[in-house]
Amino acid sequence: MSIKVLSGKVFLVITGASRGIGKQIAITISSVLEKGSHVLLLATNLNALKETAKNIPAGVSVDTVSIDLSKPTSDKLHDIVVQSLKDKPADQFDRVVVIHNVGTMGNINQYANDLTNINNWHDYYDLNVFGPAILNGVIMKIFNENTNTEKTIINITSLLGIKPRRSMGYYCTGKAAREMFFKVFALENPQINVLNYSPGPVETDMYQEVCNELADKEAREQFNAMRTERTVLTCEQTVNRLLTVLKEQKYTSGDHVDYFDEL
């Protein structure tokens, strides 16, 4: 599949690349990259990242870095990216593609009125909103306007960022905040291609968590019913759809595009 935004030598950064959708994104996208491209995989579980890296094809170099993005500092993130560049100039690459996939559900055993612990709110937003925002800014400054490197930013969002669900206060608000940040980023940077991609219901550990632990019984039963009816997607299905969306480029930068949308 020929995809313009993935053509040439690409510097690809993927967060949450140790499992689930992030792992599949790394495997699938790296398979279409040209030789000389480089992949930087970030997550907390280094051993799992190394397993992901084993699936990166020869000709595409890869770095795996264990980092807790809930405790982000711009200096540390800057050092990680620069070290991955091997002290070479950023404009050695034709494109930089950043995929913000890292994310958690948060506490789904409680309703909105019970979410009164400020530290829990800080912890959730540190990882799911502030970390991606800081990492994005760091990378944009490294690949600054003095280079000819084309830039594509993909934020893995959710339908639940625009449609509320009971007992999912952390997740819904976090996804909404993160998506709006990247919409603002797109508005401020019209030269950068920004996509908020909603992958649909996908069979992952996170989906299992919802099926087992969601406080709201009706919503929990709906998620389990999708499994019974076999309407839950595989990671391969949703990542292949993402590639099609990127290939067709029918969205406006900053748009929310869902797996099921007709473009």
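The model is predicted. Begin where helix α1 meets helix α8: G20, I21, Q24, I25, T28 and I29 of α1 are in contact with C235, E236, T238, V239, N240, L242 and L243 of α8. By class, this contact comprises seven nonpolar, five polar and one charged residues.

Two packed helices are described by the angle between their axes and the distance between the axes. For α1 (residues 20–30) and α8 (residues 235–248), the angle is about 55° and the axes are 9 Å apart. The two helices are therefore oblique to each other. The crossing of α1 past α8 is right-handed.

The largest nonpolar core has 36 residues, and the members touching the most others are L12, I25, I99, I154 and L195. At least two residues of this core come from each of β1 (10–15), α1, β2 (38–43), α2 (46–53), β4 (95–100), β5 (150–156), β6 (193–198) and α8. Helix α8 contributes the most, with six residues.

Setting aside neighbours within four places in sequence, I99 contacts L12, V13, I14, T15, I25, I29, I154 and I156. Apart from this core lies another one, of 28 residues, which includes L85, A90, I139 and I192.

On the α4 side, the residues in contact are N120, W121, Y124, Y125, N128, V129, P132, A133, N136 and M140; on the α5 side they are G169, Y170, Y171, T173, G174, A177, R178, F181, F182 and F185. By class, the contact has 13 nonpolar, six polar and one charged residues.

The last stop is G106, in the loop between β4 and α4. Is this residue buried, partly exposed or exposed? Its relative accessibility is 25%, so G106 counts as partly exposed. Leaving out residues up to four places away in sequence, G106 touches Y124, Y170 and E209. The C-alpha atom of G106 is separated by 22 Å from that of A48, which lies 58 residues away along the chain.

Technical notes. Residues numbered from 1 in each chain as written. Predicted model: local features only at pLDDT ≥ 70, side-chain atom pairs only at ≥ 80, totals over all residues. Heavy atoms only, no water. Axes fitted to C-alpha atoms, helices over the stretch in contact; angles between N-to-C directions. Helix = DSSP H or I, 4+ residues; strand = E, 2+ residues; numbered from the N terminus. Parallel < 35°, antiparallel > 145°, perpendicular 65-115°, else oblique. Left-handed = near helix turned anticlockwise from the far one by under 90°. Contact = heavy atoms within 4.5 Å. Nonpolar A, V, L, I, M, F, W, Y, C, P; charged D, E, K, R; others polar. Core = buried A, V, L, I, M, F, W, Y, C linked by side-chain atoms within 4.5 Å. Buried < 20%, exposed > 50% of the residue type's maximum accessible area, 1.4 Å probe, protein only.
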